[in-house]
Amino acid sequence: MENKITQYKWVDNMGTNPASVDLDTGIVQLNRQTWGSYSKFQQKFIIKHEEGHLNNPYGSEYDADRYALNKMAGTESRSLAKSVHALESIPGVTESRVEKMYVEALKLDASMGNKIAEKELLKIKNMNGKRIKRATGTEAETILKNRGNSHKTNGFVMGNYYFSFTNLFLMVIIILMLRRKNS
Ligand SMILES: [Zn+2]
């Protein structure tokens, strides 16, 4: 049985912490001052993180993060990269938490057949616990491509680049159109 959040309460003076959950009552407190500054996706992610605590009371922050990632994965396009970014932009979240989340996201994406994610995982593994250089922003979005997109991997990897068949198809059309124009 999954533990559900029972109620939401607005709270003042929570500092920078966006939310917290009471493990006995299942009530989630939301930071009235900062909540509105998060995107809808980030808000959902934070709620799922708190739900993660509720379902694993002795678990760590990492466990709650992983729970949230799994709940958010596939809910919309680029959900994995967005999850990593959601965590990253919460004040007070350590880089080590974001790194762990990044690796979890890569594993999920690799399991869905994203070859770039698989390569990235291997690269991290070969660093033997040394600090990883985590891809951020658009780079992370290129790597964490697969999960959450409506279609499966439709493309191939060449060097460090991923070519989707849709993009290639569009490129061919554009080239053909340009050639027709010039002739
Ligand atoms: Zn937490």
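In the predicted model, helices α2 and α4 cross in a right-handed sense. The contact draws on Glu-61, Tyr-62, Asp-65, Arg-66 and Leu-69 from α2, and on Arg-97, Lys-100, Met-101, Glu-104 and Ala-105 from α4. Sorted by class, this contact of α2 with α4 comprises four nonpolar and six charged residues, with no polar residue.

The crossing of α1 and α2 is right-handed. On the α1 side, the residues involved are Lys-44, Phe-45, Lys-48, His-49, Glu-51, Gly-52, His-53 and Asn-55, and they meet Asp-63, Ala-64, Asp-65, Tyr-67, Ala-68, Lys-71 and Met-72 of α2. By class, the contact of α1 with α2 contains five nonpolar, four polar and six charged residues. Asp-65 of α2 takes part in the contact with α1 and also in the contact with α4.

Helix α2 itself consists of twelve residues, and the distance from its first C-alpha to its last is 16 Å, close to the 16 Å expected at 1.5 Å a residue. Buried positions in α2 are Ala-64, Asp-65, Arg-66, Tyr-67, Ala-68, Leu-69 and Met-72. The cover over these buried residues of α2 includes α1 (40-55), α3 (79-88) and α4. Of the buried positions in α2, Arg-66 and Leu-69 belong to the contact with α4, whereas Ala-64, Tyr-67, Ala-68 and Met-72 belong to the contact with α1. Beyond the helix, α2 is followed by Gly-74, which has a positive phi, near 85°.

Helix α3, which contributes to the cover of α2, is largely enclosed by the rest of the structure, because nine of its ten residues are buried. These buried residues of α3 are Ser-79, Leu-80, Ala-81, Lys-82, Ser-83, Val-84, His-85, Ala-86 and Leu-87.

Not counting residues up to four places away in sequence, Glu-50 touches Ile-5, Ala-19, Ser-20, Val-21 and Val-28. One of these partners, Ile-5, is 45 residues from Glu-50 along the chain, and the C-alpha atoms of Glu-50 and Ile-5 are separated by 8.4 Å.

At the level of the whole protein, seven helices and five strands are present. Counted from the N terminus, the elements follow the order β-β-β-α-α-α-α-α-α-β-β-α. The protein has 183 residues, of which 27% count as buried. Among contacts between residues at least 6 apart in sequence, 48% join residues at least 24 apart.

Note on methods. Residues numbered from 1 in each chain as written. Predicted model: local features only at pLDDT ≥ 70, side-chain atom pairs only at ≥ 80, totals over all residues. Helix = DSSP H or I, 4+ residues; strand = E, 2+ residues; numbered from the N terminus. Buried ≥ 20, exposed ≤ 12 C-beta atoms within 10 Å, placed from the backbone. Contact = placed C-beta atoms within 7 Å. Left-handed = near helix turned anticlockwise from the far one by under 90°. Nonpolar A, V, L, I, M, F, W, Y, C, P; charged D, E, K, R; others polar. Expected span 1.5 Å × (residues − 1).
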